[in-house]
Amino acid sequence: MTQLIYPLLAFFSILVIPGIVGYALLPKTVEKALQWLFGFFIIGIFFLSAYVGMIPQLLVKNIGVGIFLLCVGKSVIQVVQEHKHGIRLFAVSLPSLIIYGSICLFLLYAFADIYANPIQGQDGIVIWLGKAKGFYYWNPLTAISFVRYPGLGSMLWAVVMMVFGLHESYGRFIYPVAYSMFFITLWSSINVKKYALSYALCLAVLLFFFFRPSLYSGYQDDFLSLTGGLSVALFILYTFDMKKSYRYMLGCFFGGSLGLIKNEGVLLGLIVFVVFLLLHFKTMRKEWKEKSFFYIKGILLFFIVLGFWTVAISLYGLDSRNIQGDQITLQGIFEGYKNFNRIPIIGTYFYAYFLQNPLFIFIFLGSIITAIVRPLYRRTIIYILLIIFFHSMSIIWVYFATTAPLVWHLETSLFRLMDQHMSLYILLAVSCIQLFLSTKKSSHISL
Amino acid sequence: MNQFFKKNILQKFVPQVFLCFILIVLLCFQGIFFIQYTFRNLKQIVSTTEEQRKGRTYASYGYDYITYISSIIPDPQIFPVTRYINYSHNVEMLLPINVVKTDGKVLIGINLPEEDTKEGVITTAHRSEKQSDGTKDYWAFNTIQDYDALTGFRFLMDDVRFVSPIKITLFNDASEEKILGSWIVEPDGKGNKDIVFTLPIKIKKFSFLRGSRDFIIVLEQMKNADVNILNHIEYIEVYGIKVNLEDYQIVHRSGRNFTALTHDFLRSIEKDDMKAWKQFLSQLEK
């Protein structure tokens, strides 16, 4: 039993530390799960920028500890001020018991699975664990494996290892916790009132249903999907309640962070953000005069975070135009139209993907029905579907551009890339649930 | 009363209860599976150590053997090159040491049969998608696995004899930008249908981490003969060595795993009286 204590300690620290940082840095009105996710990302970005700046590791660790202690101090003061009349310990309803109970079960499952089964999967080891080890030892940027790939996930993995020693499994604990926080965000940001029980049960089912072990296999696709989904959810929630302006800023922040997770994230980030701006152009134009500075701040934040890694590696003289070695280059992407004869083969693999995931088709159809029956959610559903459409098109275009053998490339990557839509299907499913839960045209549920 | 029943019970309450029931059933099924699997994993965690689990998971990577050898290597800057029957598994990423670069002075072979250290057939080339234009003929092959050296080709003709010289150009991939070598294959004078061509100089570091990317062979007939022999080549076999040990001496064997040091390095250990390395060798002998 003693060998469980140390990894459990690592696991609980992942649950607590980003939460404290986020709680101290964000306004208290922000949902707790969002505070955790913000704290989680900001820790990663802090270490990543210090690493790119080649600040000595010892100094960075000490500064990090200093900032964390300040955050602890601020959090304690905030808690005392917020709960002057004592903390209510057992204010738990049945729906929240269901959702938090399911999350606890899921976290226990993920913890045991990660710790009992060492990392497997060649890319997970060579690229992402290799990067995490490079960050852990603070090796020079040019000596990092696959340096053209950004590595926010690997940096967070490395930070956990910096605290608890070089155990790769401890670093992978971050992914299921982030997944849980995504669901808590969906739970706590949406006001469901009298349909709370049904909604909690739906979310709990979705939590288990959409989980797949690739979430913590070291591959970053599911993490990318979660971050993308979070950004989309925040943009949607902002359009429903424009007074909560932090949702727009956080949406921009998480959308930009996609570019720090994987190269494909730059594209997904741009699609998420540009489609949002185009769809809400009319609404935002009305507010533009009053809030122009606010919107520009968001746009700047998005592009600074999104382009951070590309700019950083350019400063080190690395060519960011060779996206994936010599297999995919910018020139190849521009000349992709020459390979339209590949459509039948690519189509076969897409067909196989949807045959393996028939529920996605049901969710897709369900969301279209919801859009027709409930006009209130039409724009939300169109927004998500447009992202899936444009991103799928860009994936197809990559297969037009690749110089690697097409079948090999399709077999090794298509399913993984299409899984990047996972969180968008979760959001679509949540939208469909509204069709069943609400009887009026305007609902209490506002996603 | 009837209207109240219709509006509140039938339209709202019943669908809600029905939905909740389905969801609870689904949740229970999922929950049971997750709990079962969690208990199995927890049992495993309690009964084994982290290193034991790694050794078992990475048995095919030779994790225990590599861990042992790397732990007794006297120079922490040296991590051996590891070679497998297929391709590198980068085991150094799994060890608690900082490996920026592997050092070819020491080589570890994992589960390698004897024939993989000798010359043999890598694969058979096939006609490329690119159509022959009469003077040039395009062939392609892929290696998938890692190979140290390319040593030659074997051409097998159909009913026509190999009578005029041909030029072979080997390209790194279909873009035909990087030439790996170019040779002239002369007929042997006996008019054989089966021609084995050995490269005058082996191509070293031939194929690593290629995936299924094709090498391209371009054949050109050198003299105008009555028959275009390019059209009569039935297949081409590609020859090479998977793990080339000609520069190495094996110093330790454990089953099908082995450790080898370069001849040069072994000589310098003797010449410069490198005590730590001598101790390493004697430790291996034990």
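Student: How many bridges join strand 5 of chain B to strand 8 of chain B, and do they run parallel or antiparallel?

Tutor: Eight bridges join them, and the two strands run antiparallel. Strand 5 covers residues 147-157. Keep in mind that this is a predicted model.

Student: Which residue stands opposite Ala149(B) there?

Tutor: Lys204(B), in strand 8 of chain B.

Student: What sheet do those strands sit in, and what's the strand order?

Tutor: An open sheet of eight strands in chain B. The order is 7-6-9-4-3-10-5-8, with antiparallel pairing.

Student: Which strands stand at the edges?

Tutor: Strand 7 (179-185) and strand 8 of chain B. Each has a single partner strand, so one side of each is left without a neighbour in the sheet.

Student: By how many degrees are neighbouring strands turned against each other?

Tutor: By 25 degrees on average, with direction ignored.

Student: Is Leu209(B) buried or exposed?

Tutor: Exposed. Leu209(B) has 10 other C-beta atoms within 10 Å, and a residue with 12 or fewer counts as exposed.

Student: Next topic. What order do the strands take in the four-stranded sheet of chain B?

Tutor: The order is 1-2-12-11. This sheet is open, and its pairing is mixed. Strand 1 (80-83) and strand 11 (248-254) are the edge strands, each pairing on one side only.

Student: Mixed how? Which sense do strand 1 and strand 2 of chain B pair in, parallel or antiparallel?

Tutor: Parallel, over four bridges. Strand 2 takes in residues 103-109. One bridge there has Val81(B) with Leu107(B) as its partner.

Student: And strand 2 with strand 12 of chain B, parallel or antiparallel?

Tutor: Antiparallel, over four bridges. Strand 11 and strand 12 of chain B also pair in the antiparallel sense, over six bridges.

Student: How many residues are between the strands in the hairpin of strand 11 and strand 12 of chain B?

Tutor: Two. In that hairpin Gly255(B) takes a positive phi near 65 degrees.

Student: Let's switch to chain A. How many helices and strands does it have?

Tutor: Chain A has 19 helices and two strands.

Student: What does its radius of gyration say about it?

Tutor: Chain A has 22 Å. A compact globule of 447 residues would have a radius of gyration near 22 Å, so the value agrees. Along its principal axes the C-alpha trace spans about 65 × 60 × 55 Å.

Student: What percentage of chain A is buried?

Tutor: Buried residues make up 45% of its 447 residues. As for contacts in chain A between residues at least 6 apart in sequence, 75% join residues at least 24 apart.

Student: Which residues touch the most other members in the largest nonpolar core?

Tutor: Leu37(A), Val160(A), Phe173(A), Ala178(A) and Leu203(A). That core has 145 residues. Another core, of 25 residues, lies apart from it and includes Phe155(B), Phe162(B), Ile216(B) and Tyr239(B).

Student: What is Phe173(A) in contact with?

Tutor: Leaving aside neighbours within four places in sequence, Phe173(A) is in contact with Ala10(A), Phe11(A), Ile14(A), Phe111(A), Ile114(A) and Val160(A).

Student: Where is Trp138(A)?

Tutor: In the loop between helix 5 and helix 6 (152-164) of chain A. Phi of Trp138(A) is near 55 degrees, a positive value in a residue other than glycine. Trp138(A) counts as partly exposed, with 19 C-beta neighbours inside 10 Å.

Methods. Residues numbered from 1 in each chain as written. Chains lettered and ligands numbered in written order. Predicted model: local features only at pLDDT ≥ 70, side-chain atom pairs only at ≥ 80, totals over all residues. Rg over C-alpha atoms; globule rule 2.2 N^0.38 Å. Buried ≥ 20, exposed ≤ 12 C-beta atoms within 10 Å, placed from the backbone. Contact = placed C-beta atoms within 7 Å. Pairing = 2+ DSSP bridges. Core = buried A, V, L, I, M, F, W, Y, C linked by C-beta atoms within 7 Å. Axes fitted to C-alpha atoms, helices over the stretch in contact; angles between N-to-C directions.
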